[in-house]
Structure formats: C-alpha cells, structure tokens
Amino acid sequence: MLLATASVLAGCGWDGPMSTLVARSDMARDVLALYGLITWISIGIGTLVFAVLGYVLVRFRDRPGAPLPPQSHGHPWLEIAWTIGPAIVLLVIAVPTIQVVFRTQSQAKPPDALEVVVRGYQWWWEFAYPTLGVVTANELHVPAGRKIVFHLEGPDVIHSFWVPKLGGKRDVVPARANRMTLIPDTPGLYWGQCAEFCGASHANMGLRVVVDTAADFDRWVAAQRAPAADPTAEPATTGKAIFAGSACVGCHTVRGVSGGTLGPDLTHFGTRTTLAAGILPNTPDNVMAWIRDAPRLKPGAKMPPFAFTDDQARALTAYLASLK
Ligand code: CUA
C-alpha cells in the first residue's frame, strides 16, 4: 500500500519533465492561473454541495412516528437561483479563459517576435525559422526572454503541439492557420508531446525544446545556417557515398548533398540529442537500429526497413553522427 502510494505520488511528481504545474513561460503561467481558478471554484462548489447534502441527510431523515412532510410541487425561485448560479460560475471561468486564448494567439507578426513554423507530420515535427533560413526537426531551439510566434501547420492529419512547461496544447490542423505566442523565461531543456491522436505512433511523437540564452541561441543559429559538415575520416566518408547513392536522398535533406522533403532535415543531425521524435537518445546503436528497421522502433513509421550490411549501416551511422 505504502509502495503503491509512493509510486502514484512519484508519477504525479510536481516537477517531472511533463509537469503542467511548473510554468516557464508567460503562457504557461496564464494557463496555470486558470487551472488554479477553476480548481478553487470546484473545491468551493464541492464543499458547499457536500455540506448541504450532509445537513439535509441529517435534518430531514425519516424518524419513527414522524408525520408525512409537507408535499409540494416545484419552487420557481429555487429553480431560477440554480440556473443563474451556475451561469455566473461559467461566466467567471469563461471570461479569463477566452482572454488567455486571445492573448496567446496574437497578431501574426508582432514586432520583434521570432517566427517559427511548426509542421506536424506522422510522426515527427519540423521547425522552420523563415526569417533565419534555418530548418530542423524534433528539437526546437528558442531564445529566453523573447516573444516567439509559432505558426502551426500540418500536411497530413491533425496533431497538437504541447510543451507542458511552456505552452499548448494547440491543434496543428491541415489547411488552417493556427498560432501560439509565448515568451519562454528560463533556459533549459523541455519535453513536449503530440497531444492529439494522430495514428499508430501518436504516443511516439515527442519533441524537445531547448530554451537558450540569447548568446547561445545566436551561436546555434550560426551553426545551423552553415552547410553540412563534410566527413573527413572513414567510415563516415564511405557513409556519405552510401547516403548519396541510396533511397535516403529521396526523403531527407542534407543541404549540399540531397533535397528530399518527406522526412526530417538531417543537415545537422549530429547536433541533436535524440532521434525519432524524441523517443530515443542519439547514440550510434540507436541510429543503426533505426536505419535498419525504423517501423520496429516506431510502429507505422514511414521510413521503410533497409537491408544494409553491418559495414554499410556502421558507415551511415558514422556519417550521420558527423553532421554537426
Ligand atoms: Cu501527432 Cu498525435
């Protein structure tokens, strides 16, 4: 029992990577304030209802020999009161909620904001910075203290962009321009997750957000704008030749080498800490397993299995790791 309680409490940890109770942006704070408001209102109503229920149960319970209570039908004032009461409660919840929705979906191009186009694919994320000329996947970098405008787009089905400590959930709907605006305030690594069922690997559609200091962010942008590093040693050089001569190029972009757009841009794959939309650490073993049989690791993954030999898979893995 003690163990069960402890594990439940651990699961609901105050500061787990997906905690909604820790706010690290203005949007997350606004949402947390709404959550608090609704919780306190609910606690108040619950307490009132159970107090009245308890009183009625005791005060009006049947006693031996008691006469039949007065029989009545309807009570207009009571009925008006319990219609208006809940309406007021809903109004108190709705007004600040709608304010937050509008505040976090401000105009398309607020001055000084950083624009990020978020595209949800089955089952990974693309992040494009139209004003910076940077495209990356699954790991989003943003600077702390600056307003970020996310333009949420999707080419296939409905996804939902959610980074609990920063903001969301906001739907990524094909052919609809949704926006989300927030200012992250604390540098650090944040976990996110697709929050709208989108098919077989919905649960495997994670993401990471790195909130950088302004200087770190500028360094990251400069590195991402640079062309892909050319491998200088074996087996990475062989890996590049295999990549360039295989089906990889049909789906993946490595700027200067290939231009496929169906899968994640791999130009700086070696700088990412995870692969497969945040579900695996970016280690040589995981990359090799992924190259050979992606659908085994992520059911439904659009990347088919490839029959590479051990040497070929190792060379490709070395090449991908060299793309810093
Ligand atoms: Cu994408 Cu669920």
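In the predicted model, an open sheet is formed by 3 strands in the order E4-E10-E9, with mixed pairing. From one strand to the next, the twist averages 25°. Helix H4 (residues 214-225) packs on the sheet, where it touches E4 and E10, and the direction of H4 makes about 130° with that of E4. The pairing of E9 with strand E10 (residues 206-212) is antiparallel and extends over 6 bridges. Gly192 is placed opposite Leu207 in E10.

A search of the whole structure returns 1 cavity of 30 Å³ or more, and the largest cavity holds about 40 Å³ of space. At least two residues of the lining of the largest cavity come from each of strand E4 (139-143), strand E6 (159-163) and strand E8 (178-182). The lining is made up of Leu140, Val142, Phe150, Phe161, Val163, Leu166, Met180, Leu182 and Val209. By class, the lining residues of the largest cavity comprise 9 nonpolar, no polar and no charged.

A helix pair was examined next. Helix H5 (residues 236-244) and helix H9 (residues 310-322) have axes that come within 7 Å and cross at roughly 100°. Angles of 65 to 115 degrees count as roughly perpendicular, and H5 and H9 are therefore roughly perpendicular to each other. On the H5 side, the contact is made by Ala236, Thr238, Gly239, Lys240, Ile242 and Phe243, while H9 contributes Gln312, Ala315, Leu316, Ala318, Tyr319 and Ser322. The residues of the contact of H5 with H9 fall into 7 nonpolar, 4 polar and 1 charged.

Helix H9 is also involved in the largest pocket, as one of the elements that give two or more residues to its lining; the others are helix H6 (248-251), strand E13 (274-275) and helix H7 (284-292). The volume of the largest pocket is about 710 Å³. Its lining consists of 34 residues, of which His252, Gly263, Pro264, Trp290 and Met303 lie nearest the centre of the pocket. Helix H7 provides the largest share of this lining, with 3 residues. The lining residues of the largest pocket are divided into 25 nonpolar, 5 polar and 4 charged.

Definitions and conventions:
Residues numbered from 1 in each chain as written. Predicted model: local features only at pLDDT ≥ 70, side-chain atom pairs only at ≥ 80, totals over all residues. Heavy atoms only, no water. 1 Å grid on protein atoms, 1.4 Å probe; cavity = no way out; pocket = protein on both sides within 12 Å on 5 of 7 lines; lining within 4 Å. Points joined across faces, edges and corners; volume = space filled by probe spheres on them. Helix = DSSP H or I, 4+ residues; strand = E, 2+ residues; numbered from the N terminus. Nonpolar A, V, L, I, M, F, W, Y, C, P; charged D, E, K, R; others polar. Axes fitted to C-alpha atoms, helices over the stretch in contact; angles between N-to-C directions. Parallel < 35°, antiparallel > 145°, perpendicular 65-115°, else oblique. Contact = heavy atoms within 4.5 Å. Pairing = 2+ DSSP bridges.
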